[in-house]
Amino acid sequence: MIYQPLKTGGTGYSAGIITKFSSCSLHRHVAIELIYVIEGELGITLDGKSHTVCKGELIFIGSRLSHAVIAHSEDTVFLLIEFGPTFTYNRFDRISSLAPSKPVLNIDTYPQMETILPLILEIIEERRTPTEESEMVVVGDISKAAAYLCRTFAQKENTDPKTVTPGKRRMSAEQVLDFITYHFMEELTVNEVAERMGYSVCSFCRIVKKEFGKSFHVILNEARIKKACSLLYDTNLPIYQIAHEVGFSDAKSFCRVFKSIKGCPPSAYAARHKLSENGKI
């Protein structure tokens with residue numbers, strides 16, 4: 001199974017109409033995926049279960065869920081939307097925790113689709129006849145659709161608990177690394193991270209230690225120093241600014257942690273690597 005990289009970049013999302021599609025093998029990624037069938041029919045294996053998505057139906061594919069897609073006919077056309085943490089900011093964890101046992105959405109099973117469907121159709125129209133304002137419209141529609149999906153599944157859970165599986169899934173090493181990738185520049189505490197990921201501090205620390213063999217703070221600092229090394233190599237930013245860029249409150253703490261990991265101060269590291277690049281050592 002393929003694990004696709006994080007969806008990053010300036011927008012943090014993609015939305016396009018897919019034609020002449022055959023199949024896509026089993027894979028998973030951090031980004032949340034919405035597929036709306038415009039014409040034809042899709043067969044989708046999601047987290048080990050098979051689903052058929054017909055014309056006019058939408059399927060919600062949650063973050064990190066393994067899935068494969070196959071077109072049931074050559075004329076199948078669908079809208080594919082993907083969005084990652086940079087698109088929804090601090091709401092991504094909330095949306096990615098959704099885990100409906102019936103991920104195929106239509107008006108019969110989810111009356112709330114009457115609100116979501118016009119947004120999907122507007123995105124399709126903007127992609128077919130784009131204008132200068134299309135991106136703003138698409139971004140707004142995806143944001144609204146994500147918000148309405150949260151409400152839809154929450155209402156379904158409150159009124160019919162049997163139709164929704166528990167949202168919390170076992171925290172994996174990938175989830176921890178993903179969180180660090182998108183939040184290492186913040187001043188994080190273990191308490192805050194554990195709470196944001198839905199765990200008690202003790203459980204969070206125990207799981208991280210088991211997965212990595214080291215504490216969350218060590219993993220976090222290693223990620224920060226790795227980014228700092230890149231900035232030292234590729235830029236001429238002053239030390240205090242690099243410290244701030246990678247999540248340290250002051251240059252003194254940054255230098256202390258940097259030396260403990262790299263064995264030298266950041267200034268010496270930068271000088272050595274720039275000399276090496278110039279062929280002088």
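Me: Which residues of α7 are buried, and why do they line one face of the helix?

Reply: Seen down the axis of α7, the buried residues fall within an arc of 125°, so they line one face of the helix. The buried residues of α7 are Ser 203, Phe 204, Ile 207 and Val 208.

Me: How far does α7 reach from its first C-alpha to its last?

Reply: α7 covers residues 201–212, which is 12 residues. At 1.5 Å a residue, 16 Å is expected, and the model comes close to that. From first C-alpha to last, α7 reaches 16 Å.

Me: Which residue follows α7 with a positive phi?

Reply: The phi in question is near 75°. The residue that follows α7 there is Gly 213.

Me: What about α10, how far apart are its end C-alpha atoms?

Reply: α10 has 12 residues, and at 1.5 Å a residue they should span 16 Å. The model agrees with that: the end C-alpha atoms of α10 are 16 Å apart.

Me: Which residues of α10 are buried, and what arc do they cover around the axis?

Reply: In α10, the buried ones are Ser 253, Phe 254, Val 257 and Phe 258. They sit on the same side of α10, because the arc they cover around the axis is only 130°.

Me: Which residue caps the N-terminal end of α10?

Reply: Look for a side-chain oxygen that lies 3.1 Å from the backbone nitrogen of Lys 252. That oxygen belongs to the capping residue, Asp 250.

Me: Is Cys 264 buried or exposed?

Reply: Cys 264 is in the loop between α10 (251–262) and α11 (266–277). Just after α10, Gly 263 takes a positive phi of about 85°. Leaving out residues up to four places away in sequence, Cys 264 touches Phe 258, Lys 259, Tyr 269 and Arg 272. With a relative accessible area of 8%, below the 20% cut-off, Cys 264 is buried.

Me: How many residues are in the largest nonpolar core?

Reply: Phe 60, Ile 81, Phe 83 and Ile 142 have the most contacts inside this core. Elements giving two or more residues to the core include β2 (13–18), β9 (77–83), α3 (113–128) and α4 (134–159). Apart from it lies another core, of 31 residues, with Leu 188 and Leu 231 among them. The largest one has 33 residues.

Me: Which residues does Ile 142 touch, not counting residues up to four places away in sequence?

Reply: Ile 142 is one of the residues with the most contacts inside the largest nonpolar core. Past those sequence neighbours, Ile 142 touches Tyr 13, Ala 15, Ile 81, Phe 83, Phe 87 and Ile 123.

Me: Where is Asp 141, and how far apart in space are Asp 141 and Ile 120?

Reply: Asp 141 is found in helix α4 and counts as buried at 5% relative accessibility. Beyond four places in sequence, Asp 141 is in contact with Leu 119, Glu 122 and Ile 123. Asp 141 and Ile 120 are 21 residues apart in sequence, and C-alpha to C-alpha they are 7.3 Å apart in space.

Me: Which side chain does a polar contact of 2.8 Å join to that of Glu 33?

Reply: Glu 33 is found in strand β4 and counts as buried, at 4% relative accessibility. Outside four places in sequence, Glu 33 touches several residues, including Ile 59, Phe 60, His 67 and Leu 80. The polar contact of 2.8 Å joins its side chain to that of His 29.

Me: Last one: over which residues is the pLDDT below 50, with 15 contacts in the model beyond near neighbours in sequence?

Reply: The chain averages a pLDDT of 83, and 84% of the residues score at least 70. Where pLDDT is low, the predicted coordinates should not be read in detail. One stretch under 50 is 157–169, with 25 contacts beyond four places in sequence. The stretch you're asking about is residues 5–10.

Definitions and conventions:
Residues are numbered from 1 along each chain as its sequence is written. This is a predicted model: local features need pLDDT of at least 70, side-chain atom pairs count only at pLDDT 80 or more; totals for chains, interfaces and linings use all residues. Side-chain values use heavy atoms; hydrogens and water are left out. Helices (H or I, at least four residues) and strands (E, at least two) are DSSP runs, numbered from the N terminus. Buried means under 20% relative accessible area, exposed over 50%, partly exposed in between (1.4 Å probe, protein chains only). Contact means heavy atoms within 4.5 Å. The expected span of a helix is 1.5 Å times one less than its number of residues. The arc is that of the directions from the helix axis to the C-beta atoms. A polar contact is a pair of N or O atoms within 3.5 Å; within protein, one must be able to donate a hydrogen and the other to accept it, and residues adjacent in sequence count only if both atoms are side-chain atoms. pLDDT is the predictor's confidence in each residue, from 0 to 100. A nonpolar core is a set of buried Ala, Val, Leu, Ile, Met, Phe, Trp, Tyr and Cys residues joined through side-chain atoms within 4.5 Å.
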